[in-house]
Amino acid sequence: MNTRFLTKTLTAALFALLSTAIYSQSISGEVTDRSGIPLRDAYVWIGDGTRHTHSDALGRFSISNVSTQDTLLISYLGFATLVRPLNQSDFQGTVTIVLSERVFELDQVVITNDIRFVNKVAQIDLETQPVKSSQELMRRVPGLFIGQHAGGGKAEQMFLRGFDIDHGTDVRITVDGLPVNMVSHAHGQGYADLHFLIPETVESLDFGKGPYYADQGDFNTAGYVAFHTKEQLDQSSIGIEYGQFNTLRTVGLFDLLPGVENHDAYVAAEYLLTDGPFDSPQNFNRTNVMGKYTVQLPNASKLSVSASHFQSKWDASGQIPQRAISAGLINRFGAIDDTEGGNTSRSNIVLSHTKALTPRSFMKSNAFYSHYDFELYSNFTFFLNDQENGDQIRQKEDRDIFGFESAIHHELMLWGADVNTSVGIGLRYDAVRGNELSHTLDRLTTLDRIALGDVDESNVYGYADIGFNFGDWLISPGLRLDYFKFDYINDLSPAYSSLSETKMIASPKFNFIYNPNRSLQFFLKTGLGFHSNDTRVVVAQSGEEILPAAYGADLGLIWKPAPRLFVNSALWYLFLDQEFVYVGDAGVVEPSGKSRRLGVEVGLRYQLTDWLFFDTDVNYTVARAVDEPEGADYIPLAPDLTATGGISMNHPSGFSGGIRIRYIGDRPANEDDSIVAEGYAVTDVSLNYSWRKVTFGIQIENLFDTEWNEAQFATESRLQYEVESVEEIHFTPGMPFVLRGKVVYRF
């Protein structure tokens, strides 16, 4: 009896031990396309749906507690989902998963407990709505509006989550890790000119709203946008577009190493000309050249080098006052001072290296250098300060930017959870020479130098982010530390004057994700972020409010109620220690008071058929200054209601295109809402037909020829004949009906 009992006990123990051994196995692999290019962020599921992971920057993945009885399911947008049973040999080495491209289907989207999962929306939009211009790149971020008001060469004005972000004060923008925002810029803090990016080279974009991400630093308050360029071209192409107002655009992308294993290189170039609809032609031209080389190195590592150069020049009609139109002095496309305009250039070098350290860890490093020139002539107030010569100003600078970032990403098992960790350090240094504000006449004569100096600004930072994945739950704390040093030398001081300030800020983050199934996610995101102040403001205030903080929280869900229907929504709150106010007559940024914003946003993506897609995003925000009395607490130009939507198609017959509508409601232009910036709704249409290697297309901006104001400001100004100044809306008119045609040849 005792012998039989002992035998049964030992048998059961042996069976349990063997079972544990079987299910404690791990499998490692990599996901690539058919050309061997690693696919980042592909989702790898165990067939029963209880465990999953995603591929890293080298396309690698590792997943534990699997056996030969399990099945892998690998999913990636734009590629056919692959189901692969496991066998014993898969546990002996690295499994290579090769995915094949296929027609995009929304039912491929599987919701996972990833705090950045909502940015899949942008990838969906890129797949279904190909980008037509550099302006369209930013519009791929749900809820983000842009407006141009200086002849097409100046960085766009941006609106997001109830912010008039001006040119970038509260949204952080990068391209392949290269910062786009300019600190202590001659025109305004955070100035972000994205025109150096050729839209056809963009592979993907990553975005996040709110200050919840430890790897995102300065200017990440309302959100961040990160663009990633292609490592490989599917094929070379050349294209030409021509349209009204003498608009011409040519673009070429050339694969330099077709068919060469482990090596990819291409060159892209763009040239754009336009006069615009204005009475005084814009004479705008822009040139872009970009090259990129990527090599897959031994021992699971990758090196990428890119270089680009951009330059543009333009004439501008500037913002015009409504009273000049009402009096018949000019029409909507006229000018008070048509000698406005400018020129700018930027040259960039970016080096990126990714190296596997272990099967569950890798290091990614970026280093970059930029040289940037900028000269802008503006006249916001006409003859308010100088009734004889006018109030034209010149803002100018010459800048060098150096920087790097290195981060280690590691996965491990801890306390029964899959743990993903990221630890990074970095540096950014800006050396700005001749940061100038001058009073000028017709661009030719300098009447008075208002400000002139040199800025040296350093930002050293480190961050750590940890994600504890307990299956359905993800708990992700993070912490970021930033140290800033601001130096300013005033060249207008009679004696040598060098002012300096330093500051450090800690930015904690804490995020919760709950995924009850693969079709639903609830999230709560909290965190502290910041935007830095202009160096000239910092030293003038003896270091007060150097790094005003932003405190945010998001509560929302992502839901797939049907295989081809994707819904995301959020209720959010953001409190800022300090706003920025742009002072037009002085051409500088000044700090203001505290503010709070509360909003709700809803987005929907629906695939009606295999080739027809519908999308919409609606955002509503209440934005108020905190320390001001009720009725005088409006935040100028903060939008309360915005909406975008449209239908796009990509038919197997070769037809593609779509119709898109964007709407922004009336909004206060001053603190008591007595001056209103008028809202608008604009509709754009595109239609393309591809036949063999050629694509023919037409694009229509403002289909219904709506009369709308693209940029609007409440400004006090005086016309030359006026005795008293007047404060009212000054605006740049939006484009009327514009028709363009294009031809693209692929080879």
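The chain carries five helices and 45 strands, counted as DSSP runs (H or I of at least four residues for helices, E of at least two for strands) and numbered from the N terminus. Keep in mind that this is a predicted model: local features need pLDDT of at least 70, side-chain atom pairs count only at pLDDT 80 or more, and totals for chains, interfaces and linings use all residues. Residues are numbered from 1 along each chain as its sequence is written, and side-chain values use heavy atoms, with hydrogens and water left out.

**Overall shape**
- With 747 residues, a compact globule would have a radius of gyration near 27 Å, and the chain agrees at 27 Å (taken over C-alpha atoms; the rule is 2.2 Å times the number of residues to the power 0.38).
- Along the principal axes, the C-alpha atoms fill a box of roughly 115 × 60 × 45 Å.

**Burial and contacts**
- Buried residues make up 55% of the 747, with buried meaning under 20% relative accessible area (1.4 Å probe, protein chains only).
- Among contacts (heavy atoms within 4.5 Å) with a separation of 6 or more, 63% come from residues 24 or more positions apart.

- Four strands line up as S12-S11-S16-S15 in an open sheet with mixed pairing; two strands pair if DSSP finds at least two bridges between them.
- Its edges are S12 (178–179) and S15 (202–209), each pairing on one side only.
- S15 runs antiparallel to S16 (residues 223–229) over seven bridges, and Lys209 has Gly223 in S16 as its bridge partner.

Note on methods. Buried < 20%, exposed > 50% of the residue type's maximum accessible area, 1.4 Å probe, protein only.
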